[in-house]
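Please look through the sequence and the model shown below before reading on.

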Amino acid sequence: MSELTLNGVHHISCITGDAPGNVEFYAGLLGMRLVKKTVNQDDPSVYHLFYGDEKGSPGFDLTFFEYPGSREGRAGAGMIHRILWRVGSSESLDYWADRLAAAGVETMRSADEGAEFYGVGPTGDGDTLMFQDPEGLTHEILVYDGPDAPLVAAHAEVPAEHAIQGFHGARAFSGNPEVTRQVLGLVLGFEDEGDDRWHLSGQAGEGFEARNGFYFLDEPPAERAIPGAGTVHHIAWASPLDEHSDWREKVAATGLYITPVIDRFYFKALYFREPGGILFEIATIGPGFATDEDPEHLGERLSLPPDFEAVREQVEPNLRPIPDVSQWRP
Ligand code: ZN
């Protein structure tokens with residue numbers, strides 16, 4: 001088996017109890033592009049929404065499964081508790097602080113006294129902005145000056161220079177940090193940069209650029225985790241297509257259970273639960289979201305993978321209407 005390299009974060013999938021409100025927040029307020037509106041492939045009665053940059057690139061792909069009316073969860077041991085994003089400058093943090101405040105969303109700047117969520121303060125030493133979505137999912141925006149290309153969505157209100165530029169990484173509460181560290185370092189190829197900051201250095205390949213991903217382990221709170229709305233379901237790391245099946249062998253060789261390769265139509269997926277309790281996925285870079293839609297019109301209509309197309313007439317009327325995202329397109 002040749003050396004395998006993960007190319008940063010592919011996507012992060014979360015849970016919402018309110019798809020219409022979720023679209024307002026992520027596509028309307030945060031300026032992300034709804035790149036795919038589809039159904040949960042394991043339960044086609046509910047939405048699976050994908051937000052991204054203009055192209056729906058791996059590295060900027062935030063997804064939500066909707067469980068209508070689901071109660072709010074709480075991050076705890078065995079969960080990711082914060083999603084980290086990039087912008088280009090401190091002025092962009094000012095912009096987001098103002099835009100979120102105007103929409104009634106409370107924010108905290110890293111320099112603010114007592115700035116923390118779930119007992120965890122700001123990431124790194126630089127200027128950052130923290131806030132939660134309407135269901136309590138925590139985000140932090142950092143100023144990024146590294147080598148990765150910005151991934152941005154065009155939006156009617158958000159100026160391009162302030163747009164969110166894709167994932168920086170995530171922070172997690174491992175229920176078994178010692179073994180989680182072994183999985184990160186020995187199996188998945190993360191570098192230990194100290195203080196439980198783990199770095200995945202990507203490598204460019206055919207048709208894609210290198211992306212760096214960061215993952216932080218934090219001391220879990222005493223309160224137990226409650227899965228539900230506003231919590232992260234899983235994180236996916238990006239793999240070149242030609243290395244994907246080797247990852248299955250590599251993870252299985254450690255004795256961890258890993259699923260067979262599952263074809264998610266827009267990419268192929270492998271899932272395993274790392275010993276700290278967090279569901280990891282390894283997802284392929286490509287074929288991508290333009291597989292079944294014109295790139296100009298991503299996410300405008302309900303996309304159904306071929307297996308579900310035959311039941312469109314049963315599926316579509318059961319889904320709650322969501323806001324028309326064309327109002328936020330440039
Ligand atoms: Zn996934």
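## The largest pocket

The largest pocket has a volume of about 570 Å³, where a pocket is an open set of points on a 1 Å grid over the protein atoms alone, at which a 1.4 Å probe fits, with protein on both sides within 12 Å along at least five of seven lines, and a volume is the space filled by probe spheres set on the points. This is a predicted model, in which local features need pLDDT of at least 70 and side-chain atom pairs count only at pLDDT 80 or more, while totals for chains, interfaces and linings use all residues. Residues are numbered from 1 along each chain as its sequence is written, and side-chain values use heavy atoms, with hydrogens and water left out.

Lining residues have an atom within 4 Å of a point; the largest pocket has 30 of them, and K55, S57, P58, G207 and I285 lie nearest its centre. This lining divides into 15 nonpolar, 9 polar and 6 charged residues, with Ala, Val, Leu, Ile, Met, Phe, Trp, Tyr, Cys and Pro counted as nonpolar, Asp, Glu, Lys and Arg as charged, and the others, Gly among them, as polar.

## The second largest pocket

The second largest pocket, with a volume of about 280 Å³, is lined by 21 residues, of which H48, F65, H234, R264 and Y271 lie nearest its centre. The largest share of this lining, 3 residues, comes from strand 2, a strand being a DSSP run of E with at least two residues, numbered from the N terminus.

## The zinc site

The zinc ion is coordinated by H11 (NE2), H234 (NE2) and E281 (OE), at 1.9 to 2.0 Å, where donors are N, O and S atoms within 2.8 Å of the metal (3.2 Å for Na, K and Ca) and, because water is not among the atoms, sites may look incomplete. H11 lies in strand 1 and H234 in strand 13, so the pair ties together parts that are 223 residues apart in sequence. H11 counts as buried at 2% relative accessibility, and H234 is buried at 3%, the term meaning under 20% relative accessible area with a 1.4 Å probe and protein chains only, whereas exposed means over 50%.

## Helix 3

In helix 3 (residues 177-187), a DSSP run of H or I with at least four residues, T180, V183, L184 and V187 are buried. Seen down the helix axis, the buried residues of helix 3 fall within an arc of 120°, so they line one face, the arc being that of the directions from the axis to the C-beta atoms. E178 and L186, on the other side of helix 3, are exposed.
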